Structure formats: C-alpha cells, structure tokens
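Hi there,

Here is the structure I promised to pass on. Please have it open while you read the notes below.

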Amino acid sequence: MIAEFLTWVRFLVFRKKHSELDDELRFHLEQSIAAKVAAGVSPSDARRQSMIEFGGIETTREQCDRERPGWWAGIISQDARYAVRSILAHRWFSAAIVATLALGIGLNTMVFTLVNAVLLKPYPVPNGDRLVSIAGRNLSSDDRSLPFSYPDFQDYKAQASSFEFFEAVTAQPGVLSEPGNPPDQYQLVRATSRIFSMVQAKAFLGRTFLPADAQPGSAPVVVIGYNVWQERYASLPGVIGRQVHVNGQPANIIGVMPKGFRFPDNVDLWMPLLPILDLAKRDSRTLWGYGILKSGVTLQRAGAELDGIAGRIASQFPADKGLGMSVLTFQQRVNGGPIRIVFLLMLAAVGFVLLIACADVANMMLSRSLNRQREMSIRTALGASRWRIVRQLLIESVFLSTLGGILGLGLAASGIYWFDLATSTIRPTWILFTMNYTVFGYFAALCILSGLLFGILPALRSSKINVVDVLKEGTHNITGHRGAWLSSALVVFQFALTLVLLTGAGIFVRSLLDRLAVNPFVPADQITTARLHLTEDRYKDNEARIHFYDQLLPRLRSIAGVSHAAIASGAPGMGSADEQIELEHVPISNPAERPWISFVAQSPGYFDTIHLPLQQGRDFNQTDGASNHEAAVLTRAAAARFWPGENPIGRRFRLFDDKNKPGPWITVIGISANMVQELQGRDHKPLLFVPYRQEGWDNMALVVESAADPLQAMRKTVQSLDNELPLNEPLRLKDAIAEQLWFLRVFGEVFLAFALVAMLMASVGIYAVIAHATGSRTREIGVRVALGASRRNILFLVMRRGLWQIGCGLALGLIAAFPLTHLMASLPNGSLSSDPSVIFVVAFTLATVGVFACWLPARRATGLDPIRAIRYE
Amino acid sequence: MPTSTDLLQGTLDLLILQTLALEPMHGWGITQRIQQVSKDVFQIGQGSLYPALYRLEYKGWIKAEWGNSENNRRAKFYSLTAAGRKQLRSEVETWDRLSSAVGLVLGRAVEASQ
C-alpha cells in the first residue's frame with residue numbers, strides 16, 4: 001500500500017518525458033515491420049501494412065497521458081491561464097462584470113453574516129454551543145417563555161440529569177447609590193452562585209460569587225460590570241470592597257467583570273439569589289434558567305426530561321398544574337418570531353439581488369459570446385471538445401465571480417459595520433456581527449455557484465455552434481432566435497424580482513413615514529422625557545408618591561427655559577396601559593366581551609405640555625381624581641366609539657383591573673383631539689386620559705417642554721428632593737420616538753438599499769440588451785431610415801422589445817408582490833402597512849426607470865446617419 | 001477475431017501482469033507473447049497496450065528500464081514489482097472465482113437445455 005502510494009506521489013510530481021513514449025512506439029513499429037519482413041513480405045509493403053495496423057499515435061499519447069495521476073491538473077491550469085488572459089484582454093467588460101458581482105456577492109455575504117449572528121452562531125462563551133435558555137411553558141397555549149419559581153428550580157436541578165450546569169436568575173432594575181455620588185439605575189440580576197463558573201467567566205478585578213455568598217444571612221455582595229466601573233467609578237481599582245446601596249439596601253462590591261461581559265443579557269450588576277421572602281413560594285414565578293447541556297444531550301431530550309419532572313411536580317403542587325418546561329438555544333428564545341422572519345426576508349431579498357446580478361452578467365456574457373463565436377469555432381476546429389470549451393468558459397466565469405466576491409467582501413465588511421452601529425443600542429450584547437468560518441464557507445460557495453450560474457447558459461450556447469458557418473460568414477447573422485429569447489427572459493425575470501424587492505422596501509418606508517407623521521401637534525424636538533421609579537420600599541403608597549410629584553412639578557416649571565412640565569404614565573407615542581371598560585347603564589356580564597381601552601395617567605398641565613388640543617369640556621383641575629371626583633378626558637375617536645352621536649360630557653364608565661375588579665365610576669369631563677399613543681402594533685384601542693391621583697403608578701415619565709436642554713437642571717431638581725432617585729431613560733421625545741421606530745428605520749434603509757441596487761442592475765441589464773440589439777441592427781436601421789422611416793418609427797422599432805420585457809416583468813412581479821404585502825402585514829409586531837397603493841407607486845417608478853433605460857440606447861439609433869449605418873461593418 | 005476492446009474490463013491488465021511474471025519484456029514482446037500463448041485469439045494493438053502499461057506503471061505494479069533487445073536495439077523493458085506480484089495473485093484469484101462461477105451458470109444452462 002505504502003509503496004503504491006509513494007509511486008502515485010512520485011508520478012504526481014514528476015512527469016515522464018514525451019520522447020520516451022515516442023521512442024517506445026517507434027521501436028514497436030520497427031519490430032512489427034521486421035516481423036512482417038521475416039514472414040516474407042516486401043519491406044515497403046511491410047511498412048505500409050504496419051503503419052495501417054498501427055493506427056493513430058496521437059490518441060495513444062493522449063491516453064497514456066491520462067493514465068497519469070493528477071493529469072487533469074495540467075489541463076485545468078491551462079484553462080485557467082487562458083481564462084486570465086481572456087479576462088485581461090477585455091478589461092472594461094470584465095470590470096463591469098466584477099463590479100456587478102461585487103454588489104451581489106457583497107450584499108449576500110453581509111446579510112448572511114447578520115443572519116448567522118442572529119439565528120445560528122452560539123452565545124460567545126466557552127461551550128456556547130451547549131448553552132441553553134430554560135423557561136417554563138404553558139402546556140395549553142403556545143407561550144413557551146414563562147418564568148418559574150425558586151422551589152421548582154430546586155426540584156428541576158436536583159432531578160434533571162441532562163445538564164452539566166443549571167443556574168437561574170431573576171432580573172430587575174438596580175439603583176446603585178452611595179453618599180456623595182448621584183444614584184444611577186442599572187440592569188440587575190440576582191443569580192444562583194455558579195452563574196459565572198457556568199460560562200467560565202473570571203472577574204477582571206476582585207472575585208465572583210462563592211457558594212457562601214448565597215447562604216441566607218451572609219454579608220450582601222454585588223459584582224459590577226466593566227461599564228459601571230468605568231462610568232460610575234472612573235476605573236478606580238479601589239472600588240473593590242466599597243460599601244454601596246443597591247435599591248436602598250447595603251452591599252459590598254466584590255468584583256468587576258471583564259469588558260463586554262453582560263451575561264445573560266445586557267446585565268450591569270450581579271447579586272447572589274437568596275431564597276427569602278416571596279422567592280421561596282412556589283407560585284412566585286420570577287426566575288429564568290440557563291444551563292449547559294451535557295455533551296451529546298439534545299435540546300429535545302433535555303426538554304422532555306424537564307417536562308417529565310414538571311409533571312411530577314404538578315401532581316404534588318396544584319399551583320404548577322398545566323406548566324411544562326422549554327429548553328431552547330439563545331437564538332430560538334430571543335430571536336424567534338418577527339425578528340427571524342425579517343432576517344430571513346432580508347436573506348431572500350439579497351438572494352434576489354444576486355439573481356438579478358447573475359442575470360445581468362449572463363446577459364453580458366451572452367452578448368459577448370456572439371463576438372467570441374469565431375474564437376470558439378477555431379478552437380473547435382483544432383479539436384477541442386465541447387466539454388473542454390464549456391469547462392474553459394466556466395473557469396473564466398468562476399474567476400470573474402471570485403474577483404467580484406473578493407471586492408464584495410470589502411463591501412460586506414463596511415455594511416456589517418454600519419448595521420452594527422445602527423443596532424448597537426437595541427440588540428442584545430451577545431449578538432456579535434462578525435464573520436466566522438460558516439460565513440467564509442457561504443461566501444466561497446456563493447462565488448463558485450454564482451460563477452457557474454451566470455456562466456452555464458452562455459457557455460453552453462457559445463459552445464454549440466456550427467463551425468463551418470461561423471468561419472465562413474462574418475460574426476453577425478448567427479444571433480439566432482434562441483439567444484434573443486434567452487436574454488429577454490433574463491430581463492423579464494430581473495424586472496419581476498426588482499418589483500418584489502421595491503415593494504418590500506416601499507412597505508417599510510411607507511410604514512415609517514406613516515409613524516413619523518402621527519401627532520403633528522406634539523413639538524417632539526422641544527420635549528424632554530425621563531422616567532422616575534418611586535419604589536415601594538421608599539414610597540410606600542400612592543399618597544406618598546403624589547406628595548412627591550406635587551412638590552416636584554412646581555420646581556420643574558421654575559427651571560429657566562422650561563415652558564411646561566407635567567407627569568404622565570407615558571409620553572406621546574411611548575405606549576400605554578390597557579384595561580377593560582364598562583359604560584354606565586350598559587352592563588356586560590361576560591368579562592371576555594368587555595371592550596378594551598388604553599389610558600394615560602397624567603398630572604394637570606399635560607395637555608398644554610404636549611399641545612394636545614381640547615375640543616370640548618375642560619382640562620383636569622387639582623381636585624379631579626380625588627375620591628368621588630374620578631374624571632377622564634376621552635379622545636374624539638374614543639368618544640365616538642362609546643357614545644356615537646351623543647354628547648359624552650358627564651357620562652360615566654368604570655374600568656376593570658387585571659384581577660377583574662371594577663374601579664369607581666369615572667365621569668367624562670372633556671374631549672381631546674385624536675392622538676396615537678402606541679407606535680407599534682396595529683389594532684389601537686380607544687385612548688383616554690385619567691388624573692394621576694386616580695391611577696397612581698410607581699413608574700412615571702417626566703414630560704418637560706423647553707427650548708434649551710433641561711436635563712441637568714431636571715436631574716438636580718429631582719435629586720434635591722430625593723438624592724437616591726436616578727433619572728432613567730432621559731431622552732428628547734424625538735429621539736425616543738426614533739428609537740421606538742428603529743425596526744422600521746433600520747430595515748427600511750436596508751431593504752431600500754437592496755431594492756435600489758436591484759433597480760440599478762435591472763436598468764443596466766435592459767440598457768445593455770437594447771444597446772446590443774440596436775448595435776447588431778445598425779445596417780437594418782440605416783436601410784429603414786434611407787427608405788423614409790421616421791424617427792418615431794425607429795424609436796418604436798428599437799424600444800418595442802424592451803417595453804414588452806418591462807411589461808411582462810412588471811406583470812409577473814405584481815403577481816408575486818401581493819402575497820408579499822400580506823406576509824409582511826401579518827408579521828406579529830404588526831407595524832407594517834398593508835396598503836396596496838405602495839405596489840402601484842413602486843410599479844410606476846420601476847416602469848419609468850425601465851422605459852428611460854430603454855430610451856437611452858434607442859435615442860442613439862434614431863440619430864444614425866443612414867449612409868454610415870449601411871456601410872457599417 | 002476479438003481485439004483487446006472486447007476483453008473484459010481489467011483482463012488486459014491481468015494478461016500483462018501474468019506475461020511479465022515470467023521475465024522482463026518490452027511492449028512488442030508482450031503483444032507477441034500474448035498472441036502466441038492465446039493461439040492468436042488476443043491480438044493487442046499499441047493503442048490499448050501502451051495506455052495499459054502506463055497505467056500499471058503509474059500504479060506501481062510494474063517498472064520500466066531501458067535495455068537492449070535481442071537484436072541489439074534500445075528498448076524499454078517492463079518487469080513486475082513486489083506490489084505487482086501481490087496484485088497478480090489477487091487478480092488471478094478473482095479471475096478463478098469469476099470464471100468458475102460463470103462456468104457453473106453456463107453448465108446448468110447446458111444441462112437444462114438437454
């Protein structure tokens with residue numbers, strides 16, 4: 001075996017000399033002649049007979065060559081050299097192809113990198129491929145992301161055998177404060193003690209949790225993130241051991257985590273999870289689980305095991321009836337649903353762009369293959385097989401696509417950088433938009449496949465020619481019916497795909513513009529908002545909170561430059577709470593049939609702050625909302641919904657809370673203009689406003705109108721009343737709304753860019769086809785002009801085919817675009833418009849651009865000088 | 001008269017190996033020897049012989065050396081390598097098994113027709 005292998009390698013590397021075989025064959029021939037002479041044939045006859053018997057030497061030579069291991073490598077390298085020469089010989093033509101492919105392959109690599117990061121790549125920690133997210137699920141519904149209780153967690157952990165690690169966390173806001181340092185609110189998790197060892201994380205400074213830290217009665221400790229250390233403690237190493245307050249309770253900082261460590265998701269502070277108070281109850285479900293599967297254990301098996309345990313727990317504790325467990329990867333847990341669909345749509349969109357690019361290139365190659373017919377026929381005449389010619393052309397295509405791909409890789413890198421910036425505030429920190437081997441594999445496959453894709457048709461066509469005809473005739477006339485048919489089909493296909501892409505982009509842009517145009521009366525660039533969280537441990541009831549707000553508001557209004565200030569449960573467009581409503585004298589016994597409303601709780605002066613016009617009745621005053629003075633202002637639409645055609649002022653209704661308990665009767669005191677409070681989703685519930693005395697919340701938004709930036713003064717004012725109270729999510733309303741709409745904005749831009757690239761390519765495609773067709777009909781056009789055809793006749797003659805192609809393309813595209821609008825409108829976060837008018841606007845735009853692209857080359861044809869045109873060629 | 005193209009796939013290789021097992025030989029000699037031994041049934045043309053010789057050499061079963069022929073001409077002599085001997089043994093075994101199996105099938109057919 002080894003000897004044979006060595007021989008193989010020897011002959012792979014060293015070639016035998018051709019003369020050796022020639023000598024051998026000559027000897028053979030001479031022996032044959034000698035044998036015949038010996039048998040009595042005359043020498044000249046013997047020679048003749050032997051030569052005839054002998055047959056062709058060339059085929060023998062070739063066959064002997066083919067027995068050599070790796071003989072094909074030589075042929076391939078020959079073809080490759082030829083391809084490089086041919087690419088360099090047609091520099092501009094090659095550059096156009098490379099640029100087109102760079103766009104197509106670059107966009108695809110970029111989007112695949114994103115898709116890979118969002119849907120495929122494991123969490124970037126050691127053993128990330130076995131890291132799973134564990135949550136409860138409702139056996140009777142689709143909801144598979146429910147928290148579970150601490151006692152349940154202990155049972156699962158004790159009984160399950162699928163996991164190497166099984167830890168749990170509960171997340172909440174954590175206000176970090178200490179004397180002499182203004183408080184900040186961070187994302188806090190309380191986690192079981194092995195959470196850090198599970199992902200093999202070591203502290204950057206100090207230490208992480210020890211098992212003793214999680215024992216009841218141990219000294220409270222907190223581990224802080226790198227960003228907290230940097231921002232709040234100016235990277236001081238002495239922070240370890242410092243005594244701070246977390247949510248008002250003392251704790252010791254024991255460690256700083258390394259930069260970028262935010263496990264499980266965007267966490268700033270980690271504290272040990274102590275099973276005390278509510279946590280120890282089986283129906284207090286606040287935990288989320290994370291685990292590392294033992295190697296070889298599948299998600300399904302782990303899930304099934306936990307389900308089995310859940311069944312045993314449920315039979316013991318009725319509180320857990322109907323609950324199961326779900327074990328999913330991070331991607332499945334976080335990026336399911338609409339995100340997944342949008343990313344897959346993106347992948348489909350760039351796939352279309354690449355197809356369009358390939359069609360473009362195929363058309364260019366087709367038109368060139370006509371010019372290369374002579375070259376091909378000469379090669380065929382010299383004995384090249386059809387397969388050899390096809391192979392050589394395909395090698396040329398793959399070279400071109402690889403060149404394009406390498407250029408595209410740079411394009412992809414900048415696209416990824418842009419997307420990373422655009423989503424940096426929204427995406428989970430563990431999603432890293434970087435390339436890995438999967439991406440490079442995909443990239444390489446793209447280069448080769450697209451080369452084959454656009455190369456195969458032209459190659460097959462140009463290899464299938466009648467040698468004699470071509471060599472005899474000039475290069476024209478062989479255009480043939482099939483070539484024209486093929487390039488027309490490609491153009492039709494391009495326009496159809498482009499229409500679909502433009503429709504997708506149009507839907508995003510339309511929805512974004514719709515959303516940005518809501519609430520025109522609100523001066524969003526003048527309004528600053530920030531949220532205050534008056535926690536229960538420091539503000540024990542609504543009275544205490546209202547007392548705080550009543551002190552705060554006059555002080556806010558006295559800040560220089562502030563024209564209005566108010567408090568609301570949510571600023572305009574920033575969401576609302578929902579409750580069920582029942583009108584007086586219209587009782588509804590079945591709770592499921594009661595209509596839902598959205599409401600905003602607010603302080604007096606809110607309408608002035610957001611400039612919402614009151615159309616009827618009056619604004620709230622200081623007594624509204626007190627017991628027996630419950631009041632509400634309805635939007636015009638809400639009033640029309642509940643009391644159509646009647647005067648709603650003075651009517652009464654009541655609201656039901658989530659435990660289905662009715663509140664007091666509320667009197668309608670005013671009607672406001674319509675307003676959109678919910679930017680996301682589509683089925684907006686009727687909106688009404690109530691005084692904050694009536695619906696006192698612990699988490700309210702300050703809404704301040706001011707020409708200058710009032711944020712510093714706002715923070716000082718708040719902390720002069722309570723120096724442990726941080727200002728959360730401080731933002732200009734305009735920016736806050738933009739952040740709400742990031743999904744539409746980012747994906748709108750992405751899809752718009754894809755669609756514009758596609759439109760450009762389709763236009764270039766039809767331009768090239770018409771220009772080529774016009775070029776090959778120069779003589780015909782000259783004759784027609786000479787015989788008196790008008791410019792209009794000529795224009796029509798040349799453009800007719802292009803117009804047909806555009807028409808067919810648009811018709812096909814329309815057929816595909818309608819289902820797309822339905823798919824996009826049905827995305828669960830439902831912020832996408834399903835208005836079909838988008839399609840028609842888009843189709844009209846595309847038609848205009850396409851006709852223009854046809855008209856450009858056609859116009860040149862009408863300007864032909866008949867004398868010169870007839871003498872052309 | 002069947003030519004080598006009618007030979008079973010791989011049979012030519014077997015014939016060459018067997019011929020070379022006796023003594024080193026040049027290409028012409030091989031064709032002559034095979035023709036002689038097979039009583040003129042197999043006449044092997046150079047178009048099949050030399051590709052087969054090259055194939056066997058590339059596989060490391062035979063090796064070639066330049067030497068002088070019986071009439072003192074420069075000729076290339078092929079001889080079996082150790083690997084070639086092993087290969088020959090296994091091919092002969094395969095052939096025996098195959099031909100006896102074919103014989104069995106044909107034998108039965110003959111009996112049935114009688």
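To start with one residue: is D155(A) buried or exposed? D155(A) is buried, because 20 other C-beta atoms lie within 10 Å (buried is 20 or more other C-beta atoms within 10 Å of the residue's own, exposed is 12 or fewer, and partly exposed is in between, with C-beta atoms placed from the backbone).

Before going further, a word on the source. This is a predicted model, in which local features need pLDDT of at least 70 and side-chain atom pairs count only at pLDDT 80 or more, while totals for chains, interfaces and linings use all residues. Residues are numbered from 1 along each chain as its sequence is written, and chains are lettered from A and ligands numbered from 1 in the order in which they are written.

Back to D155(A). This residue sits in helix α7 of chain A, residues 150-159 (helices are DSSP runs of H or I with at least four residues, strands are runs of E with at least two, and both are numbered from the N terminus). Leaving aside residues up to four places away in sequence, D155(A) touches I309(A) and I313(A) (contact means C-beta atoms, placed from the backbone, within 7 Å). G238(A) is 83 residues from D155(A) in sequence, and their C-alpha atoms are 40 Å apart.

Chain A as a whole

Chain A has 27 helices and 22 strands. Its radius of gyration is 38 Å, well over the 29 Å that the globule rule gives for 873 residues, so chain A is more spread out than a compact globule (the radius is taken over C-alpha atoms, and the rule is 2.2 Å times the number of residues to the power 0.38). Along the principal axes, the C-alpha atoms of chain A fill a box of roughly 135 × 80 × 55 Å. Of the 873 residues, 40% count as buried. Of the contacts in chain A between residues at least 6 apart in sequence, 82% join residues at least 24 apart.

Two helix pairs in chain A

In chain A, helix α18 (residues 542-557) packs on helix α21 (residues 711-721) at about 145°, with the axes 10 Å apart (axes are lines fitted to C-alpha atoms, for helices over the stretch in contact, and angles run from 0 to 180 degrees between N-to-C directions). Among the residues that make this contact are F548(A) and L552(A) of α18(A) and M714(A) and V718(A) of α21(A).

The axes of α14 (residues 386-422) and α15 (residues 437-463) of chain A come within 7 Å and cross at roughly 145°.

Chain B has an open sheet of three strands in the order β1-β3-β2, with antiparallel pairing (strands pair if DSSP finds at least two bridges between them). Seven bridges join β2(B), residues 62-68, to β3(B). In that pairing A64(B) stands opposite Y78(B), and N68(B) has R74(B) as its bridge partner. Five residues lie between the strands of this hairpin, where N72(B) takes a positive phi near 65°. Helix α1 of chain B (residues 11-22) lies across β1, β2 and β3, running at about 100° to β3(B).

Where the chains meet, 16 residues of chain B touch 19 residues of chain A. On the chain B side, α2 (27-37), α3 (46-58) and β3 (74-80) each give two or more residues, and α3(B) gives the largest share, seven residues.

Best wishes

Terms used
Two residues are in contact if their C-beta atoms, placed from the backbone, lie within 7 Å.
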